[in-house]
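The following exercises are to be worked through with the sequence and the coordinates at hand. Each task is followed by a solution in steps.

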Amino acid sequence: MTHGPVADSTPATSDTATVRRALAQGRAVVLPNPAPLTCVVAATRPAAVNVAKQRPAEQAVALWAHHPHTREELADHLDLGPDAHRLARRLLTEELVTLLAPLRNPHDVPSWLAPAAQDGWTLLFAARWQPLAPLLDDFPLLYVSSANRTGHPPAPTPADAAPHFAPHTPVLTAPTPLASGSESPRRATTTIRLHPDARTELHRHGAQDHPHPSTEHYLNHLHQTYRTGPAA
């Protein structure tokens, strides 16, 4: 199995209908994000995400909790108090981190959540770039991972992703022009572990914590911004 770019691949497409059709068929697609985030691979089937990334089909993936209905269903399965629930929502929808949240009953996880559950925790992503909203609204339940093949870094832009994924995995170009020039390098999302008492830990460095001088500074930023600031 090759881990390099796909030979003679087609370029990224601006045809949203092609991407919507692939998702409806259970296939994976690559979708863009605004800076400073990289592209993601998404599908209605977790195995499709993993196969597109050339890794074991059963590997855990993140649940893309971009839709209010999905987040509402999810709330009943998280071991979070009211303050921690509010913090989780804001971290996911405003800070746009990837979140590790504790499961209320790790031995009784519904089938739709199981692919994102491991060792008593679930992995969540909820960034919802407004230009993609008409597409995402048609698929409230999606699974997602960073857009990279095994052994390669996440693709910053659709143009970077296309040689690795197209044509078997449609790559959607950005609906609006992506900024360039002076912007910082794109990175995969920071991953935060959120405990039942609303305590936070940095699980993986990424785009959101990168501008901060230390992990402690970033976690203090989260506390000051999302626990003491106005409710969203």
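**Exercise 1. The two sides of helix 7**

Determine which residues of helix 7 are exposed and which are buried, and what the buried residues pack against.

*Solution.* Step 1. Helices (H or I, at least four residues) and strands (E, at least two) are DSSP runs, numbered from the N terminus. This is a predicted model, in which local features need pLDDT of at least 70 and side-chain atom pairs count only at pLDDT 80 or more, while totals for chains, interfaces and linings use all residues. Residues are numbered from 1 along each chain as its sequence is written, and side-chain values use heavy atoms, with hydrogens and water left out.

Step 1. Buried means under 20% relative accessible area, exposed over 50%, and partly exposed in between (1.4 Å probe, protein chains only). By this criterion Tyr 218, Leu 219, Leu 222 and Tyr 226 are the buried residues of helix 7. They share one side of helix 7, because the arc they cover around the axis is only 95 degrees; the arc is taken from the directions from the helix axis to the C-beta atoms. Glu 216 and Gln 224, on the other side of helix 7, are exposed.

Step 2. With a contact defined as heavy atoms within 4.5 Å, the partners of the buried residues of helix 7 are helix 4 (82-95), strand 8 (191-194) and strand 9 (200-204).

**Exercise 2. Salt bridges**

*Solution.* Step 1. A salt bridge requires a side-chain nitrogen of Lys or Arg within 4 Å of a carboxyl oxygen of Asp or Glu.

Step 1. Since Asp 83 belongs to helix 4 and Arg 227 to helix 7, the pair ties together parts 144 residues apart in sequence. Both residues are partly exposed, Asp 83 with a relative accessible area of 30% and Arg 227 with 33%. A network of salt bridges links Asp 83, Arg 86 and Arg 227.

Step 2. Arg 20 is partly exposed at 27% relative accessible area, and Asp 138 is partly exposed at 45%.

Step 3. Arg 90 is buried, at 7% relative accessible area, whereas Glu 94 is partly exposed, at 34%.

**Exercise 3. Backbone geometry in loops**

Locate the cis peptide bond, and describe the positive phi values of Gln 54 and Leu 96.

*Solution.* Step 1. The cis peptide bond joins Ala 35 and Pro 36, with omega about 10 degrees. Pro 36 is in the loop between strand 1 (29-31) and strand 2 (40-43).

Step 1. Gln 54, a residue other than glycine, has a positive phi near 60 degrees. Gln 54 belongs to the loop between helix 2 (46-52) and strand 3 (62-64) and is buried, with a relative accessible area of 14%.

Step 2. Leu 96, likewise not a glycine, has a positive phi of about 65 degrees. Leu 96 is in the loop between helix 4 and strand 4 (98-102) and is partly exposed, at 23% relative accessibility.

**Exercise 4. The chain as a whole**

Summarise the secondary structure, burial and confidence of the protein chain.

*Solution.* Step 1. The protein chain has seven helices and nine strands. Of its 232 residues, 45% count as buried.

Step 1. pLDDT is the predictor's confidence in each residue, from 0 to 100. Its mean over the protein chain is 90, and 90% of the residues reach 70 or more. Over residues 1-7, however, the pLDDT is below 50. Where pLDDT is low, the predicted coordinates should not be read in detail.
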